[in-house]
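My notes follow in the order I made them.

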Amino acid sequence: MRRDGYLINCRFSEAIRRWCWIRTGEVVSSIASDNGANERCRNPFDDSLIASGSDDGKAFIWRVPDGFTLRTEEEEEPHDVGLIRQLSGHSRKVGHVLFNPAAENIIATSSGDYTVKIWDVEAGSPRLTLKHMDIVQSLSWSANGSLIVTTSRDKKLRIWDARQEAPAHTVPGHQGAKNSRVVWMGEHDRIATTGFSKMSDRQLGLWDIRDPEQPLDGFTMLDSISGVCMPFWDDGTQCLYLAGKG
């Protein structure tokens, strides 16, 4: 959600849509990449910049013009969202894009090629490639932007120093067959993960990054619903929120 009341949203294989959420709830703009938009994120340093990942292995940086509106004079064409950078380097679909919260013009992308790339947006080139053993299912930056955490289909949780291409820690995560998710809990030395047990129960794990061999007090069973549970951290309330079907 932007401060001006606009919401940036996308769904798999569709365009990114920009909603005038507070004012009218209507779609006011769409961004279509060549092969469908996957995930999107907003630049924490510049509300006018958003990023998206695409099925063709590329990530895109877009700029929303100042004062954007569709409410123009009858003969005047509205200004649209413009592409300002294309990041090419992955060999398969880009599933996640996430700006560094503390370092401007640094973004992480994950792909079906089993890698996470950390990019210098200005240069348009990757600084580091973080290799995994299977598809990356989720990633999250630490608040100071020095560390990144990932979950993967190989059921491992990895913590990376953003200056190194080898993980600082690799530990067993949720052991179920379905997707797991991870979020850094703000400025705390804590990570929250959601996933499934071998019996397909939904689980929550809270991890201390200083000793991440196993979650604090083990995994907490949530319920037996089949939908993936999504964790979100809110700095304002210092609360962890879980969202999902059921």
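How many residues lie between β13 and β14 in their hairpin, and which residue in the turn has a positive phi? I find three residues between them, and K155 in the turn has a positive phi of about 70°.

Before going on, I note the ground rules. This is a predicted model, so I take local features at pLDDT of at least 70 and side-chain atom pairs only at pLDDT 80 or more, while totals for chains, interfaces and linings use all residues. Residues are numbered from 1 along each chain as its sequence is written, and side-chain values use heavy atoms, with hydrogens and water left out.

**Entry: around β13**

I took the strands as DSSP runs (E, at least two residues), numbered from the N terminus. Two strands pair if DSSP finds at least two bridges between them. β13 covers residues 147-152. Five of its six residues are buried (under 20% relative accessible area; exposed is over 50%, partly exposed in between; 1.4 Å probe, protein chains only). On one side I see β14 (residues 156-161), antiparallel to β13 and joined by five bridges. Within that pairing, L147 stands opposite D161. I then checked β12 (residues 136-141), which is also antiparallel to β13, with five bridges. Here S140 has V149 as its bridge partner. β12 and β13 form a hairpin with five residues between them. G145 in that turn has a positive phi of about 75°.

Is H96 buried or exposed? I read a relative accessible area of 14%, so H96 is buried. H96 sits in β8 (residues 94-99). Its side chain makes a polar contact of 2.7 Å with that of S110 (a pair of N or O atoms within 3.5 Å; within protein, one must be able to donate a hydrogen and the other to accept it, and residues adjacent in sequence count only if both atoms are side-chain atoms). A polar atom of the H96 side chain also lies 3.1 Å from the backbone oxygen of Q137. I compared H96 with S140: they are 44 residues apart in sequence and 10.0 Å apart in space, C-alpha to C-alpha.

S111 is in β9 (residues 106-111). S111 is buried at 3% relative accessible area. The backbone oxygen of R92 lies 2.9 Å from a polar atom of the S111 side chain.

**Entry: charged pairs**

I list ten salt bridges in the structure (a side-chain nitrogen of Lys or Arg within 4 Å of a carboxyl oxygen of Asp or Glu). D47 and R42 form one of them, with the closest N and O atoms 2.5 Å apart. D47 is buried at 14%, and R42 is partly exposed at 34%.

D46 and R63 meet at 3.3 Å, N to O. D46 lies in β5 (residues 46-54) and R63 in β6 (residues 58-63), so this pair ties together parts that are 17 residues apart in sequence. D46 is partly exposed at 23%, and so is R63, at 35%.

R210 and D208 form a salt bridge at 3.0 Å, N to O. R210 is exposed at 59%, whereas D208 is buried at 11%. Salt bridges with shared partners join R190, D208 and R210 into one network.

**Entry: a four-strand sheet**

Last, I traced an open sheet in the order β16-β17-β18-β19, with antiparallel pairing. Its edge strands are β16 (181-184) and β19 (220-223), each pairing on one side only. β16 and β17 (residues 190-196) pair over four bridges. There V183 stands opposite A192.
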